[in-house]
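Please work through the exercises below with the sequence and the coordinates at hand. Each task is followed by a worked solution.

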Amino acid sequence: QLVENKAGEKMTPEQLIWLYSIMLSATVVKLALYIYCRSSGNSIVQAYAKDHYFDVVTNVVGLVAAVLGDKFFWWIDPVGAVLLAVYTIVNWSGTVYENAVTLVGQCAPSDMLQKLTYLAMKHDPRVRRVDTVRAYSFGALYFVEVDIELSEDMRLGEAHSIGESLQDKIEKLPEVERAFVHVDFESTHKPEHRVRSRLPSTEP
């Protein structure tokens, strides 16, 4: 049609009724979901709200372009489709850019690390030292790793109880997805995990 500059067939009244019914009902549902999700303080639910809002915009623009293209000029419909494609690319490219850092394990801000360090130090008077505190993003929340130093003469059950209770306390924080607590009797050793400087070879 675009090459030949020839308009297609007009929609029948029955087709228009189906078009209005489907598009308007879907738009109303999406609008209701957008209003509901927008009121949430959870960042994941907020992402759903943005998705529902995007669907409302595309449904309305698509419906208007289809109706105008059928009633007046046939090229309005494909132009509307192109505009929606551009809007989709721009909109979701921005979303990907905003959330990319949270998907690759970004280190938590210093105030979060200070909060975790203070929590570990004040957790139990038998904690001699907090050796290491790490926190990195896992989606909207954080994975936390804490190394604490206890007495070398402490019984295993007692040390395990301190570590487990600290883990439970950290995981109750709203910013934390999962916590791992490592218990040791000194803090002068080398790091337990070796960081690879290169990827392992895949050659046989």
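The exercises that follow concern a predicted model.

**Exercise 1.** Determine how strands β2 and β3 are joined and which way the chain crosses between them.

*Solution.* Begin with the limits of the strands: β2 covers residues 141–149 and β3 covers residues 176–184. Next, examine the pairing: the two strands run parallel and are joined by eight bridges. Within this pairing, Glu145 is opposite Phe180 of β3. Finally, follow the chain from β2 to β3: the path leads through helix α5, residues 156–171, and this β-α-β crossover is right-handed.

**Exercise 2.** Locate Asn59, classify it as buried or exposed, and name the residues it touches.

*Solution.* Asn59 lies in helix α2, which spans residues 43–71. Its relative accessible area is 16%; because buried means under 20%, Asn59 is classed as buried. Leaving aside residues up to four places away in sequence, Asn59 touches Met23, Ala26 and Thr27.

**Exercise 3.** Describe the secondary structure of the span that UniProt annotates as "transmembrane region".

*Solution.* The unreviewed UniProt entry places this feature at residues 17–37. In the model, the span is 100% helix and 0% strand.

**Exercise 4.** Classify Cys37 and Cys107 as buried or exposed, and state how many disulfides the structure holds.

*Solution.* Cys37 has a relative accessibility of 8% and therefore counts as buried. Cys107, at 52%, counts as exposed, because the cut-off for that class is over 50%. As to disulfides, the structure holds zero.

Notes
Residues numbered from 1 in each chain as written. Predicted model: local features only at pLDDT ≥ 70, side-chain atom pairs only at ≥ 80, totals over all residues. Heavy atoms only, no water. Pairing = 2+ DSSP bridges. Helix = DSSP H or I, 4+ residues; strand = E, 2+ residues; numbered from the N terminus. Right-handed = clockwise from strand over helix to strand, strands pointing away. Buried < 20%, exposed > 50% of the residue type's maximum accessible area, 1.4 Å probe, protein only. Contact = heavy atoms within 4.5 Å. UniProt positions renumbered as here; feature names shortened; annotations may be inferred. Disulfide = S-S within 2.5 Å.
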